[in-house]
Amino acid sequence: MSSNELTERVLVIASGNAGKIREFRQLLAHLPLSVQAQPKDLAVEETGQTFAENARIKALTVAQATGQWALADDSGLSVEALAGAPGVYSARYAASDALRIERLLQELKEIDDRRAHFSAALCIASETNEVLLEVEGRCEGLITHAARGEKGFGYDPIFEVDATGTTFAEMTIEQKRQWSHRGCAFALLDPALQELLHKQNKP
Ligand SMILES: O=P(O)(O)OP(=O)(O)OP(=O)(O)OC[C@H]1O[C@@H](n2cnc3c(O)ncnc32)[C@H](O)[C@@H]1O
Ligand SMILES: [Mg+2]
């Protein structure tokens, strides 16, 4: 075993969403961390009113259940013409990604104003019930009239990023990292997390 492995801290990704987990594995790859998935049987109720509250709830619950640091992400799509819906209810909008997309396109059928934004709140909590880091990121765009692209997950095929004119589903994981709500939030988290890990490893 190398000395690196000896000091490598475990970080549990407090999410049941395979698409998010894939992105976090890429985002965290350069850090001296052992990245693990949360236990399959763990379901956390998202009772918060905001993305930040829900991210906290998920991070604290999973950190306590696993006895490790946990990183949670609460995210969603807010549509201007729908007064911010589905927002924190983005996962509960319908039963599957395909049905969520279908419902949103249906709701916006007669509506010209397609402006929307994605938000992501990230939270890292410790096994001792402490919130270590919290950040938020946002990405502005438009809801398309039809799905475009095969990559990504969730609402990606119908969210066109203002800055690129492409949907998240048309982007590589690296491009999505550059423009997305999650990538922007992680850019804020990354230096603070590195500092925290550095401090921890000092004798
Ligand atoms: O709570 P966890 O277990 O992390 O997984 P979840 O899928 O329930 O995640 P949220 O509660 O944060 O709900 C977010 C919803 O918004 C969608 N979403 C979040 N980020 C997205 C992204 O980058 N691209 C497309 N859809 C996204 C996601 O698929 C969910 O339907
Ligand atoms: Mg959820």
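This report describes the sheet, the core and selected residues of a predicted model.

**The sheet**

Six strands form an open sheet. Their order is β2-β1-β3-β4-β5-β6, and the pairing is mixed. β2 and β6 (159–161) are the edge strands, and each of them pairs on one side only. Direction ignored, neighbouring strands of this sheet are turned against each other by 35 degrees on average.

Two helices pack on this sheet. α2 touches β1, β2 and β3. The direction of α2 makes about 180 degrees with that of β2. α3 touches β1, β3, β4 and β5. The direction of α3 makes about 155 degrees with that of β3.

| Strand pair | Residues | Sense | Bridges |
|---|---|---|---|
| β1 and β2 | β1 9–13, β2 33–37 | parallel | five |
| β1 and β3 | β3 69–79 | parallel | three |
| β4 and β5 | β5 131–143 | antiparallel | 11 |

In β3, Val 12 stands opposite Ala 70.

β1, helix α2 (residues 18–28) and β2 together make a β-α-β unit. That unit is right-handed.

**The core**

In soluble globular proteins, nonpolar side chains tend to be buried together. The largest nonpolar core here has 46 residues. Ala 59, Ala 70, Leu 71 and Leu 122 touch the most other members. β4 gives the largest share of this core, with eight residues.

What does Leu 122 touch, beyond residues up to four places away in sequence? The contacts of Leu 122 are Ala 55, Leu 71, Asp 73, Val 135, Ala 185, Phe 186 and Leu 189. Leu 71 is also one of the residues that touch the most other core members.

Ile 124 lies in strand β4, which covers residues 115–125. Is Ile 124 buried or exposed? Ile 124 has 23 other C-beta atoms within 10 Å, so it is buried: the cut-off is 20 or more. Leaving aside neighbours within four places in sequence, Ile 124 is in contact with Ala 59, Trp 69, Leu 71, Leu 132, Leu 133 and Leu 193. Val 135 is 11 residues from Ile 124 in sequence. In space, C-alpha to C-alpha, Ile 124 and Val 135 are 9.4 Å apart.

UniProt, in an unreviewed entry, places the feature "active site" at Asp 74. Asp 74 is found in strand β3. Asp 74 is buried, because 27 other C-beta atoms lie within 10 Å. Not counting residues up to four places away in sequence, Asp 74 touches Glu 46, Phe 51, Asn 54, Ala 55, Lys 58 and Ala 121.

Gln 38 sits in a loop, the one between β2 and α3 (51–66). Gln 38 is buried too, with 23 other C-beta atoms within 10 Å. Its contacts, leaving aside neighbours within four places in sequence, are Val 12, Ile 13, Ala 14, Ser 15 and Val 62. Gln 38 and Lys 202 are 164 residues apart in sequence. The C-alpha to C-alpha distance between Gln 38 and Lys 202 is 28 Å.

**Loop backbone**

The loop between β3 and α4 (97–107) holds Pro 86. The peptide bond from Ala 85 to Pro 86 is cis, with omega near -5 degrees. Ala 83 has its place in the loop between β3 and α4 as well. Phi of Ala 83 is positive, near 55 degrees, in a residue other than glycine. Why does Ala 83 count as exposed? Ala 83 has 8 other C-beta atoms within 10 Å, and exposed residues have 12 or fewer.

Asn 129 lies in the loop between β4 and β5. Asn 129 is not a glycine, yet its phi is positive, at about 70 degrees. Asn 129 counts as exposed, because it has 9 C-beta neighbours inside 10 Å.

Technical notes: Residues are numbered from 1 along each chain as its sequence is written. Chains are lettered from A and ligands numbered from 1 in the order in which they are written. This is a predicted model: local features need pLDDT of at least 70, side-chain atom pairs count only at pLDDT 80 or more; totals for chains, interfaces and linings use all residues. Helices (H or I, at least four residues) and strands (E, at least two) are DSSP runs, numbered from the N terminus. Two residues are in contact if their C-beta atoms, placed from the backbone, lie within 7 Å. A nonpolar core is a set of buried Ala, Val, Leu, Ile, Met, Phe, Trp, Tyr and Cys residues joined through C-beta atoms within 7 Å. Two strands pair if DSSP finds at least two bridges between them. A crossover is right-handed if, with the strands pointing away from the viewer, the path from the first strand over the helix to the second runs clockwise. UniProt positions are given in the numbering used here, feature names are shortened, and annotations may be inferred rather than shown by experiment. Axes are lines fitted to C-alpha atoms, for helices over the stretch in contact, and angles run from 0 to 180 degrees between N-to-C directions.
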